[in-house]
Amino acid sequence: MLTLKKFEEASEIVKQVTTPTKLVYSDYFSTQTGGKVYLKPENMQYTGAYKLRGAYYKISTLTEEERSKGLITASAGNHAQGVAYAAKKYGCKATIVMPTVTPLIKVNRTKSYGAEVILHGDVYDDACEYAYKLAEEHGYTFVHPFDDLDVATGQGTIAMEIIQELPTVDYILVPIGGGGLVTGVATLAKMLNPKIQVIGVEPAEAASMSAALKAGEVVELSSANTIADGTAVKAVGKQNLSYVQKYVDRILQVEDDELIGAFLDMVENHKMIVENSGLLSVAALKQMDLKGKKAVCVLSGGNMDVITMSSIVQHGLIQRDRIFSVSVLLPDKPGELVRVAETIANTQGNVIKLEHNQFVSTNRNAAVELRITMEAFGTEHKHKIMKALEEKGFRPKLISAKLY
């Protein structure tokens with residue numbers, strides 16, 4: 001069982017390896033919601049995520065014999081680094097099975113802590129099944145990323161820190177994958193102050209906790225296809241479900257597109273890199289009425305590879321009409337390109353890419369195509385630029401925008 005005594009013990013033990021993540025007040029999200037919004041930046045942990053807490057506390061509870069057998073786990077990346085780092089601290093061997101789609105930064109960081117990494121399967125669940133098989137074959141001690149109450153106890157230390165720093169908190173928003181984090185946070189929060197509401201947030205395309213609550217038992221989704229790879233779990237932990245049923249007040253779901261916008265918000269307003277799973281709590285703020293309330297969003301991790309990051313930024317800019325592309329047909333004669341450029345410049349649009357196609361028509365004098373990708377301040381500015389082009393007789397047509 002999860003007990004206050006164990007939470008207190010875990011809170012002291014995890015201090016040996018964790019970086020203090022003081023709450024960050026968000027002017028931006030507070031203004032957006034009408035409440036007071038604080039961020040718990042677990043993306044700033046040494047391993048880049050909260051998972052170190054549960055892994056380290058779990059390993060601290062093992063016997064010398066269990067540790068000497070070697071540890072094994074399966075993970076989409078953050079728990080992998082937590083176990084690898086904790087195992088290094090305890091001087092024991094660690095083998096980590098990760099899905100083949102795991103971002104390279106998570107694979108390399110896990111290896112850097114001295115663990116052996118095996119890539120297997122398309123999603124976490126495939127990797128976990130293979131890790132269990134290896135544990136049985138070699139006698140390794142399995143450290144589950146979420147379906148383990150000692151692991152959940154370690155994760156719950158986040159709630160201890162939040163409440164110590166902000167005793168009057170009304171809401172704590174927590175990302176959900178397998179449910180270990182929300183189990184620990186919700187259970188301890190209710191023990192310390194039953195009035196605190198804990199809101200779980202999961203990706204809409206991997207809503208395994210919602211499915212379990214609806215069915216009254218753990219069920220396996222047919223897929224978990226989401227950009228929030230750290231929470232792409234087909235089935236939640238069996239040991240977690242009863243705690244979630246008892247202590248979590250609500251479960252919200254977030255679409256992938258909303259995570260893209262949340263990434264831009266975080267980078268531009270807080271200068272922080274937070275991975276998609278870690279942004280679930282922030283993206284869910286729009287679904288809540290926080291007027292006059294204090295809310296803490298747990299930013300569970302920040303391990304995102306640069307390629308994914310660049311893709312998210314590009315999609316986010318396009319999504320918010322800050323980057324868009326148009327096609328215009330021009331007669332093939334001198335001065336036409338200048339007229340288009342002047343029209344855009346006069347409306348403060350910024351051209352970032354041009355493609356000139358002279359072969360769009362067999363009659364070049366009738367039309368050549370100019371594809372223009374430009375930067376705008378947002379939707380209203382985009383409409384202003386489009387209107388200006390139309391008034392000059394260019395008849396612009398919106399096309400799919402691509403920066404590369």
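Does R53 count as buried or exposed, and at what relative accessibility? In this predicted model, R53 counts as buried because its relative accessibility is 1%, which falls under the 20% limit. The side chain of R53 meets that of E161 in a salt bridge with an N to O distance of 2.9 Å, and this pair links distant parts of the chain, given that R53 lies in helix α3 (residues 51-61) and E161 in helix α8, 108 residues apart.

The structure holds 15 salt bridges. Another of them joins the side chains of E268 and R322 at 2.7 Å, N to O; E268 belongs to helix α12 (residues 256-270) and R322 to the loop between α14 and β11 (323-330), so the pair ties together parts that are 54 residues apart in sequence. Both partners count as partly exposed, E268 at 36% relative accessibility and R322 at 22%. Salt bridges with shared partners also join K40, E42, R53 and E161 into one network.

The largest nonpolar core comprises 34 residues, of which I162, V169, I172 and V174 touch the most other members. Among the elements that give two or more residues to this core are α8 (149-165), β7 (171-175) and β10 (294-299). Beyond its neighbours within four places in sequence, I172 is in contact with residues including I162, V185, I199, V296 and V298. A second, separate core of 31 residues includes A228, L259, V274 and L285.

The largest pocket, with a volume of about 370 Å³, is lined by 24 residues, and V101, P103, T226, I227 and D229 lie nearest its centre. Helix α14 (residues 306-319) supplies the largest share of this lining, four residues, and the lining residues as a whole divide into twelve nonpolar, eight polar and four charged.

Technical notes
Residues numbered from 1 in each chain as written. Predicted model: local features only at pLDDT ≥ 70, side-chain atom pairs only at ≥ 80, totals over all residues. Heavy atoms only, no water. Core = buried A, V, L, I, M, F, W, Y, C linked by side-chain atoms within 4.5 Å. Buried < 20%, exposed > 50% of the residue type's maximum accessible area, 1.4 Å probe, protein only. Contact = heavy atoms within 4.5 Å. 1 Å grid on protein atoms, 1.4 Å probe; cavity = no way out; pocket = protein on both sides within 12 Å on 5 of 7 lines; lining within 4 Å. Points joined across faces, edges and corners; volume = space filled by probe spheres on them. Nonpolar A, V, L, I, M, F, W, Y, C, P; charged D, E, K, R; others polar. Salt bridge = Lys/Arg side-chain N within 4 Å of Asp/Glu carboxyl O.
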